[in-house]
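Here is a short briefing on one protein chain. Please look over the sequence and the fold before reading the points below.

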Amino acid sequence: MMNSFSGRKKKTERELPLTATIEEIEEWEKEEKIRQETEKTKPDEPKSEPVIGATRTQRSRILAAGVMANFTVAFIALLLFFGPVLGAIAPLSDAMILSVNESSPADHAGLENGMIITQINDTNITTAEDLLTYLEKTRPGDTVHIYATKNGTVSTHDLQVASIPEDYIGGVPVGGIVSGSPAEAAGIKTGMTMIRINNTKMQNVSSFVSFMETTKANQTVEVELLPSENYTGNLTEKGTVVFDVQLSSNSEHDYGFLGVMYGNNAVMELPMLGISMLMPQAKLYLEALKQIPSLLTIPAGWIILFGLPIYGFAGEGFRGFSGTFMQFYQPVGWAEPLGIGIFWIANTLLWVGWLNFYVGLFNCLPAVPLDGGHVFKDSIYSFVYRLTRNDSISERVSNSITASFSMLILFSFIFMIFGPYIGQWM
């Protein structure tokens with residue numbers, strides 16, 4: 001092989017002596033011509049390229065970086081949502097018109113369903129109770145000037161207060177009973193409606209609150225209620241139920257404590273105007289949203305945060321500031337020039353943060369073809385290889401374990417979707 005190479009080298013580097021004859025020159029030219037033609041027709045030898053490949057550790061780091069990117073985006077989006085964005089949103093008013101009675105003062109004045117009352121005469125209104133308290137100071141025939149807003153448009157309406165119909169019962173619905181309270185001891189149940197305490201008619205929540213402020217601890221009061229549909233106790237001739245209740249002390253106030261939580265799906269009747277008001281507690285809801293970051297030190301805080309769009313605080317599901325819910329709020333501070341644009345920003349940040357968190361969490365599952373599945377497979381391979389020092393065995397074991405986890409997770413999702421229906425069929 002060395003001789004052949006040396007011969008080729010000598011042949012290609014051959015030079016004619018100065019004393020060469022014509023025949024030798026012609027022969028040299030022929031050989032040179034043949035050599036050049038041979039080199040032209042000779043195929044190019046393939047050039048070997050270095051094989052570039054990532055190690056299992058490097059691949060795991062790349063896949064993990066993708067998951068971390070989802071969590072990072074989620075963190076930044078939620079940080080902005082609960083920080084400067086929620087701080088630039090304030091409650092407008094809780095006093096939303098749910099329905100307007102036909103031919104009522106409100107109907108004649110042009111009030112409509114969905115309007116939010118923000119002011120009456122010179123008094124700002126933040127809740128339906130504020131509106132009711134103001135109206136109780138008026139007399140039938142008085143004219144009031146009401147400011148209302150709907151879809152960002154403010155309108156004004158002049159209404160003449162009507163007298164409350166004689167057959168109007170009103171009442172305060174019992175939305176709950178405080179455990180260990182005088183109301184529970186007396187036998188008052190959720191679903192009943194308070195219509196009288198002593199000689200005072202309970203026409204609405206305001207009259208109930210006003211009466212309770214005149215009571216004292218250990219005072220005994222007579223409470224008359226309309227029974228709930230499933231009540232089986234004794235009734236009066238009027239079809240009502242009456243309890244004698246001894247009030248206890250109130251740790252927050254000087255007056256007596258009954259232990260009744262009033263409410264009827266947050267609806268209040270205003271018969272003097274002919275409207276029903278919705279009281280969604282917008283201020284409390286916004287404060288609850290702002291408190292979520294401070295709850296992340298306990299597991300319940302994380303459950304609330306990442307179940308917010310589905311479950312919310314009480315099963316209602318918070319899907320952002322949109323539709324009717326948006327009507328109860330207004331932009332303030334730096335967001336005031338943006339108008340309703342601040343709600344679009346808030347909704348975008350909420351869903352970007354929420355979705356990125358769950359995409360990252362889903363990618364962490366140890367199932368191929370998800371990123372977590374590949375990382376899990378490489379980790380199993382490395383662990384088995386340390387024990388066996390056999391590439392083939394490590395590959396088979398990691399493939400088998402990863403495939404088993406993938407099938408288990410797949411069947412778990414299928415069962416969650418179709419399991420309830422299978423249970424009904426059986």
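Rings of Phe, Tyr and Trp, the last taken by its six-membered ring, count as a pair if their centres lie within 6.5 Å. With that rule, F71, W302, F306, W351, W354, F357 and Y358 form one aromatic cluster. The model is predicted. The protein has 13 helices and 17 strands.

**Overall picture**

- Of the 426 residues, 33% count as buried.
- Among contacts with a separation of 6 or more, 63% join residues 24 or more positions apart.

**Helices α9 and α11**

- Two packed helices are described by the angle between their axes and the distance between the axes.
- Helix α9 spans residues 299-307, and helix α11 spans residues 341-363.
- Their axes are 10 Å apart and meet at an angle of about 110 degrees.
- Angles of 65 to 115 degrees count as roughly perpendicular, so α9 is roughly perpendicular to α11.
- On the α9 side, the contact involves L305, F306 and G307.
- On the α11 side, it involves W354, F357 and Y358.
- By class, this contact has five nonpolar residues, one polar residue and no charged residues.

**Aromatic pairs**

- The structure holds 16 aromatic pairs.
- One of them is F71 with F357, a tilted pair at 5.8 Å centre to centre, with 50 degrees between the planes.
- This pair links distant parts of the chain: F71 sits in helix α3 (residues 56-87), F357 in helix α11, and the two are 286 residues apart.
- F71 has 21% relative accessibility, so F71 counts as partly exposed.
- F357 has 17% relative accessibility and therefore counts as buried.
- F321 and F325 also form a tilted pair, at 5.7 Å centre to centre and with 45 degrees between the planes.
- F321 counts as buried because its relative accessibility is 1%.
- F325, at 24% relative accessibility, counts as partly exposed.

**Nonpolar cores**

- The largest nonpolar core has 46 residues.
- Within this core, I117, I188, M194, L225, L258, L270 and M277 touch the most other members.
- Leaving out residues up to four places away in sequence, I188 touches V174, I177, A183, V223, L225, F243 and V245.
- A second, separate core holds 31 residues, including A77, F306, L350 and F357.
- F306 and F357 also belong to the aromatic cluster, and both take part in the contact of α9 with α11.

**A buried loop serine**

- S228 lies in the loop between β10 (220-226) and β11 (241-246).
- What is the relative accessibility of S228, and is this residue buried or exposed? S228 is at 14% and counts as buried.
- Neighbours within four places in sequence aside, S228 is in contact with T190, G191 and M192.

- Most residues other than glycine have a negative phi.
- S103 is not a glycine, yet its phi is positive, about 65 degrees.
- S103 is in the loop between β2 (96-100) and α4 (105-109).
- N198 is not a glycine either, and its phi is positive at about 55 degrees.
- N198 is found in the loop between β8 (193-197) and β9 (200-201).
- With a relative accessible area of 23%, N198 is partly exposed.

Conventions. Residues numbered from 1 in each chain as written. Predicted model: local features only at pLDDT ≥ 70, side-chain atom pairs only at ≥ 80, totals over all residues. Heavy atoms only, no water. Axes fitted to C-alpha atoms, helices over the stretch in contact; angles between N-to-C directions. Helix = DSSP H or I, 4+ residues; strand = E, 2+ residues; numbered from the N terminus. Parallel < 35°, antiparallel > 145°, perpendicular 65-115°, else oblique. Contact = heavy atoms within 4.5 Å. Nonpolar A, V, L, I, M, F, W, Y, C, P; charged D, E, K, R; others polar. Phe/Tyr/Trp six-rings, centres within 6.5 Å; stacked < 30°, edge-to-face > 60°. Buried < 20%, exposed > 50% of the residue type's maximum accessible area, 1.4 Å probe, protein only. Core = buried A, V, L, I, M, F, W, Y, C linked by side-chain atoms within 4.5 Å.
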